[in-house]
Amino acid sequence: MVRIGIGYDVHKMAEGRKLIIGGVEIPHEKGLLGHSDADVLVHAIMDSILGALASGDIGKHFPDTDEAYKDINSMKLLEKTYDLMLESGYVVGNIDCVVAAQRPKLAPYINIMREKIARVLNTSINNINVKATTTEKLGFEGREEGISSQVVCLLVKN
């Protein structure tokens with residue numbers, strides 16, 4: 001049996017924050033605003049997995065009203081999501097991601113993102129795809145007000 005899920009996340013750019021995407025700290029003058037480390041890519045991955053499991057979303061599992069998740073590394077939340085996936089009897093078939101950001105350029109960091117995500121989800125790097133795009137200066141991403149990510153995942157019965 002296979003299940004699919006989609007995930008979407010967006011975070012506003014902010015001064016005085018680190019920019020963490022896909023578990024990688026990327027040098028940039030601004031970071032993303034959020035209760036956790038605001039890793040827009042990892043949040044969308046978690047939502048896609050939870051969606052495939054018909055198990056709600058990250059707000060249900062990791063609410064931003066809970067101080068336990070204040071400034072938490074989102075890769076730790078991905079580990080918890082992975083545990084839920086395993087408990088439900090599924091493993092990753094594949095995950096396909098896109099991150100929309102005008103700046104910074106993400107291409108130099110994509111392979112390490114894929115490696116980190118694959119490691120946490122206990123799957124081959126060949127099952128994780130990350131793409132980066134600009135919005136040709138259109139919308140909030142194009143105006144550099146924020147960054148968004150969209151993800152689709154396929155889970156297979158273990």
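This is a predicted model: local features need pLDDT of at least 70, side-chain atom pairs count only at pLDDT 80 or more; totals for chains, interfaces and linings use all residues.
1. **Strands 1 and 7.** Strand 1 runs antiparallel to strand 7, with 11 bridges between them.

2. **Strands 5 and 7.** Strand 5 and strand 7 are antiparallel and joined by 10 bridges. V98 has Q150 as its bridge partner in strand 7. A100 has S148 as its partner in strand 7. **Strands 5 and 6.** Here the sense is parallel, and six bridges join the two strands. C97 is bridged to V130 in strand 6. Where do the side chains of a regular strand point? They alternate between the two faces of the sheet.

3. **K12 in strand 1.** K12 belongs to strand 1. Is K12 buried or exposed? K12 is exposed, because its relative accessible area of 56% is over the 50% cut-off. The C-alpha atoms of K12 and A38 are separated by 9.1 Å. Along the chain these two residues are 26 residues apart.

4. **Length of helix 1.** The helix has 13 residues. At 1.5 Å a residue they should span 18 Å. The end C-alpha atoms of helix 1 are 19 Å apart, which agrees.

5. **Burial of helix 1.** How many residues of helix 1 are buried? The count is 12 of 13, so helix 1 is mostly covered, buried meaning under 20% relative accessible area. Among the buried residues are V40, L41, V42, H43 and A44. Just after helix 1, A54 has a positive phi of about 55 degrees.

6. **The largest pocket.** This pocket holds about 240 Å³ of space. Its lining counts 14 residues. Which of them lie nearest the centre? They are H35, H43, I58, F62 and D64.

7. **What lines the pocket.** Strand 1 (2-14), helix 1 (40-52) and helix 2 (58-61) each give two or more residues to the lining of the largest pocket. The largest share, three residues, comes from strand 1. By type, the lining divides into seven nonpolar, five polar and two charged residues.

8. **Salt bridges in outline.** Side chains of opposite charge can pair when their charged atoms come close. The model has six salt bridges. One of them joins E25 to K18. The closest N and O atoms of that pair are 4.0 Å apart. K18 is exposed, at 55% relative accessibility.

9. **R103 and E144.** These two residues form a salt bridge, with closest N and O atoms 3.0 Å apart. The pair links distant parts of the chain, 41 residues apart. R103 is in the loop between strand 5 (90-100) and helix 4 (110-120). E144 is in the loop between helix 5 (139-142) and strand 7 (146-157). Both ends are partly exposed: R103 has a relative accessible area of 36%, and E144 has 30%.

10. **E145 and R143.** A salt bridge joins the side chains of E145 and R143, at 2.9 Å from N to O. E145 is partly exposed, at 39% relative accessibility. R143 is exposed, with a relative accessible area of 52%. Elsewhere, salt bridges that share partners join E29, R103 and E144 into one network.

Key
Residues are numbered from 1 along each chain as its sequence is written. Side-chain values use heavy atoms; hydrogens and water are left out. Buried means under 20% relative accessible area, exposed over 50%, partly exposed in between (1.4 Å probe, protein chains only). Helices (H or I, at least four residues) and strands (E, at least two) are DSSP runs, numbered from the N terminus. On a 1 Å grid over the protein atoms alone, a cavity is a set of points where a 1.4 Å probe fits but cannot get out, and a pocket is an open set with protein on both sides within 12 Å along at least five of seven lines; lining residues have an atom within 4 Å of a point. Grid points are joined across faces, edges and corners, and a volume is the space filled by probe spheres set on the points. Ala, Val, Leu, Ile, Met, Phe, Trp, Tyr, Cys and Pro count as nonpolar, Asp, Glu, Lys and Arg as charged, and the others, Gly among them, as polar. The expected span of a helix is 1.5 Å times one less than its number of residues. Two strands pair if DSSP finds at least two bridges between them.
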